[in-house]
Amino acid sequence: KEDLRYGEQVVKDSLSEDEKWFDEYQRLKEYSVTNVVAGEVKTGNIVDILVNYGNGDYDVVVPKIKVQKLIEAGSKSTNTDTSGYSASTGSRENNGEYLLIVAVNEEQYRDLEAASKIGKLQTRLYIDESQPASPKTFNYEKAAEKLKLSDINRK
């Protein structure tokens with residue numbers, strides 16, 4: 001949880017629990033997010049994934065999830081893949097977008113896909129992994145109504 005320094009005593013509260021942060025049915029998926037708490041979100045951090053509707057309202061889509069990898073989205077360059085993300089890390093012109101890779105289950109995948117269509121995905125960083133998870137406030141049924149999804153698309 002903290003940087004170790006030579007000669008400093010290590011206490012149990014400074015160590016992270018070796019905890020499995022995924023289950024058998026989770027798979028890695030990438031999502032474009034527009035906020036990484038002023039650059040503080042890094043690989044290995046614990047975050048909430050929020051959807052910001054742009055009108056002052058937001059919902060918690062996925063609470064307390066571990067960041068597997070965070071990539072800064074680059075500006076148009078010669079080193080981009082088909083999704084438009086730059087593999088180079090030298091570019092700072094990213095329009096505030098980042099590629100967040102997390103392990104999600106089927107329900108989280110469904111919710112994040114719907115949420116990304118009706119608002120901007122953002123992160124909220126936990127200060128300590130022992131903090132309780134935020135309550136999930138995102139409602140897929142309401143999102144499906146906004147998106148006018150048919151019953152065929154619902155699982």
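Axes here are lines fitted to C-alpha atoms, for helices over the stretch in contact, and angles run from 0 to 180 degrees between N-to-C directions. With that in hand, welcome to two spots in this predicted model, where local features need pLDDT of at least 70, side-chain atom pairs count only at pLDDT 80 or more, and totals for chains, interfaces and linings use all residues. Residues are numbered from 1 along each chain as its sequence is written, and side-chain values use heavy atoms, leaving out hydrogens and water.

**The helix pair**

- Helix 1 (residues 106-118) packs against helix 2 (residues 140-147) at an angle of about 45°, and their axes are 10 Å apart.
- R110, D111, A114, K117 and I118 of helix 1 meet Y140, A143, K146 and L147 of helix 2, where contact means heavy atoms within 4.5 Å.
- The residues of this contact comprise 5 nonpolar, no polar and 4 charged.

**Around D48**

- D48 sits in strand 2 (residues 46-52); strands are DSSP runs of E with at least two residues, and helices are runs of H or I with at least four.
- The relative accessible area of D48 is 1%, so D48 is buried (under 20%, with a 1.4 Å probe and protein chains only).
- The D48 side chain makes a polar contact of 2.6 Å with that of Y126 and another of 2.5 Å with that of S134; such a contact is a pair of N or O atoms within 3.5 Å, one able to donate a hydrogen and the other to accept it.
- Leaving aside neighbours within four places in sequence, D48 has contacts including V60, V62, P63 and K64.

Technical notes. Nonpolar A, V, L, I, M, F, W, Y, C, P; charged D, E, K, R; others polar. Buried < 20%, exposed > 50% of the residue type's maximum accessible area, 1.4 Å probe, protein only.
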